[in-house]
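Thanks for coming. I will go through a few local features of one structure, starting with a pair of helices and ending with some strands. Please have the sequence and the model open.

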Amino acid sequence: MHDNGVYFGIVDSIIDRILFEKSYQKTVNVAFGQLAVDGENAKYIYHFNTDPKSKPKLLEDGSVDYHNLNAYEKVKKDQLIAEYVKETEGKSGRRVDGVRLDAKNGRPLPAIRGKHIYRGEDEVTYYSDTDGKIEYNKDNGLITITDVYVVSGDVDASTGDISFTGNVEITGSVRSGYKVEAGGSVEVNGVVEAATIKAGKDVMLKSGMMGSGKGMLIAGGNVEGKFFEQANIDCGGYLHANSIINCFVDCDDEVELQGSKGVLLSGRTRALKGIKAVNIGNDANVHTYIKVGLEPKMKRTYKQLSVKKNSLLEELQKINDAQKKLNELQGIPGLEEKKLGVMRLKITKNTELDEVEKELDKLTAQIEEGKVAKIIATNTAFRGCSVTINGISCHVTEDVRGVVFMLHEDKVIMSTSSR
């Protein structure tokens, strides 16, 4: 074999078989080369949809769902988003004449570039460092995670409903029947129609809302807009606008109507700390119902929480007494388990007590603020308005200019001394 230049890949068992079987005058392969195997290039395994599609879903009844389009991909804080698979080395080969066949090693990839991404301790896994929207750029491999979701244009059949953990910015309008939900704030440049907007924080409308009696706006924080018409509004902060017409408003802070008209007309508006407007009602004597200060349910809730707090304090005292007795005992089977059970119960009750005390502190502050709530019309409060302060009501029977409604000795009085 060597005389013929064959030095590699000789299979002795084949040669032995040929000799044993006396298979002469036949061509038989008795030596085999080994091909070189190139190494595999490094790659990333992505744990999110890198190419979300906003396709409407066909429903069982034959209609098409244009609300849940999944036009973008959401991630949570500390969520695994990618894994790096390292490149492998090539495995060289050899010809039967012994000549080496070189192989190429796999090529590495650079680290992932992007915003709000961190690498794990193993240096091959990548995670999101915030809740938000994730985007993948195929051209440069850049991954971007942001807590602001920008809708370029209207929220309508082209986008479907929007649900996002961070802030949402809408450059257009929100059309009737669609929903926008955000864990943060919502900002809309256009008009909100008979739609639903829910925000964990503030809502800012550069224009306003025409709810047609069906539109709903719920905000954990403040609400601002030029106008609100036929809308249902619930906000945990203040509400500022140029006009509120025929709306149902619940506000845990103050409502203020500004601008040249600053009108509050028709519907029902409730604000804990007070209401200030240029004009309340109009010269057509359209009924306008206004309510400020404390709600009866707030007082009931305060009493219920106070009773619960006292009950928890009594339970904790009994638990402390039980702990003391258990600590004095020794050598009883299951004693440690009993001690552990009492300790767990104590932790649970202390947690409940903390939550109750936080709610009581919040209600106490609201009650103090509600006690001094006022209603102010800097220009005119028109005949036909109904005013309620801390549960005590009065009706405006004639137009009054520059008036302040306040509570005095369990009566609603009107003063023109303050503007």
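Which hand does the crossing of helix 2 and helix 3 have, left or right? The crossing is left-handed, a term used when the near helix is turned anticlockwise from the far one by less than a right angle, with clockwise giving right-handed.

Before going on, some ground rules. This is a predicted model, where local features need pLDDT of at least 70 and side-chain atom pairs count only at pLDDT 80 or more, while totals for chains, interfaces and linings use all residues. Residues are numbered from 1 along each chain as its sequence is written, and side-chain values use heavy atoms, with hydrogens and water left out. Helices (H or I, at least four residues) and strands (E, at least two) are DSSP runs numbered from the N terminus.

Back to the helices. Helix 2 covers residues 296-328 and helix 3 covers residues 335-371; their axes come within 9 Å and cross at roughly 155 degrees. That makes the two helices roughly antiparallel, the word for angles over 145 degrees. Axes here are lines fitted to C-alpha atoms over the stretch in contact, and angles run from 0 to 180 degrees between N-to-C directions.

Next, Gly-166. It is found in the loop between strand 14 (162-164) and strand 15 (167-170). Its relative accessibility is 8%, so Gly-166 counts as buried; buried means under 20%, exposed over 50%, and partly exposed in between, with a 1.4 Å probe and protein chains only. Gly-166 touches several residues beyond four places away in sequence, among them Asp-147 and Ser-185, where contact means heavy atoms within 4.5 Å. The C-alpha atoms of Gly-166 and Ser-185 are separated by 7.3 Å, with the two residues 19 apart along the chain.

Now two backbone angles. Most residues other than glycine have a negative phi. Asp-78 is not a glycine, yet has a positive phi of about 70 degrees. Asp-78 lies in the loop between strand 4 (73-75) and strand 5 (80-85) and is partly exposed at 40%. Ser-212 also has a positive phi, about 55 degrees, but lies in strand 20, residues 208-219. At 52% relative accessibility, Ser-212 counts as exposed.

What does strand 20 pair with? Strands pair if DSSP finds at least two bridges between them. Strand 18 (residues 196-199) is joined to strand 20 by 4 bridges, running parallel. Strand 20 is joined to strand 22 (residues 227-235) by 8 bridges, also running parallel. Leu-217 is the bridge partner of Ile-197, and in strand 22 the partner of Leu-217 is Ile-233.

Key: Parallel < 35°, antiparallel > 145°, perpendicular 65-115°, else oblique.
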